[in-house]
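Please consider the sequence and the model shown here. A guided reading of the fold and its side-chain contacts is given below.

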Amino acid sequence: MLRGLALFVPALASLAAPAAAELRLLMVEQPGCAYCARWDAEIAPIYPKTPEGQAAPLERVQLRGPYPEGIELGPRPVFTPTFILVQDHRETGRIEGYPGEDFFWGLLGRMMTETGEYQADVTR
């Protein structure tokens, strides 16, 4: 009886806990984009290892599409790169262009903090 209860209690607790929102970062790019190449050189190798990359995995999208199904986006991007933060299938913010490493992390951290699902690391 106790063994069955030990299996039941954690399962019940997981039902009571609210699910974390799904975050992801779309990177809209196109061939020949110099700023995309700069982002790829400066940020891409470390992004998946950062807290931001862990919380909002990167998904690359070509400027002319196709865009992921089931996502509500604002205006169609015009500039590359455009970084679009998506929370639970809806756009919550974007960065148009690549302003350099220092500005990128600050802008991304602010967008992610505004979702309420992430606490930015201000020590970077």
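This is a predicted model: local features need pLDDT of at least 70, side-chain atom pairs count only at pLDDT 80 or more; totals for chains, interfaces and linings use all residues.

Residues are numbered from 1 along each chain as its sequence is written, and side-chain values use heavy atoms, with hydrogens and water left out.

The account begins with the sheet. Four strands form an open sheet with mixed pairing, in the order E2-E1-E3-E4. Because strand E2 (58-62) and strand E4 (90-96) stand at the edges with a single partner strand each, one side of each is left without a neighbour in the sheet. On average, neighbouring strands of this sheet are turned by 25 degrees against each other, direction ignored. Helices (H or I, at least four residues) and strands (E, at least two) are DSSP runs, numbered from the N terminus; two strands pair if DSSP finds at least two bridges between them. Axes are lines fitted to C-alpha atoms, for helices over the stretch in contact, and angles run from 0 to 180 degrees between N-to-C directions.

Strand E3 (residues 82-87) pairs with E4 in the antiparallel sense, over six bridges. Within this pairing, Ile 84 has Arg 94 in E4 as its bridge partner. Helix H2 (residues 34-42) packs on the sheet, where it touches strand E1 (23-29), E2 and E3, and its direction makes about 135 degrees with that of E1. Contact here means heavy atoms within 4.5 Å. Helix H4 (residues 101-114) lies across E1, E3 and E4 and runs at about 165 degrees to E4.

The charged side chains come next. Side chains of opposite charge can pair when their charged atoms come close. The structure holds eight salt bridges, each defined as a side-chain nitrogen of Lys or Arg within 4 Å of a carboxyl oxygen of Asp or Glu. Glu 42 is partly exposed at a relative accessible area of 29%, and Arg 38 is partly exposed at 36%. Buried means under 20% relative accessible area, exposed over 50%, and partly exposed in between (1.4 Å probe, protein chains only).

Arg 94, the bridge partner of Ile 84, also joins Glu 96 in a salt bridge (3.9 Å, N to O). Arg 94 is partly exposed at 21%, and Glu 96 is partly exposed at 47%. Salt bridges that share partners join Glu 22, Arg 24 and Glu 59 into one network. In the link between Arg 24 and Glu 22, the N to O distance is 3.9 Å; Arg 24 counts as buried at 16% relative accessibility, whereas Glu 22 is partly exposed at 39%.

The aromatic rings complete the account. The structure holds seven aromatic pairs. Among them, Phe 104 and Trp 105 form an edge-to-face pair, with 5.4 Å centre to centre and 70 degrees between the planes. Rings of Phe, Tyr and Trp (its six-membered ring) pair if their centres lie within 6.5 Å; planes under 30 degrees apart count as stacked, over 60 as edge-to-face and the rest as tilted. Phe 104 is buried at 0% relative accessibility, and Trp 105 is buried at 7%. Ring pairs link Phe 104 and Trp 105 with Trp 39, Tyr 47, Phe 83 and Tyr 98 into a cluster.
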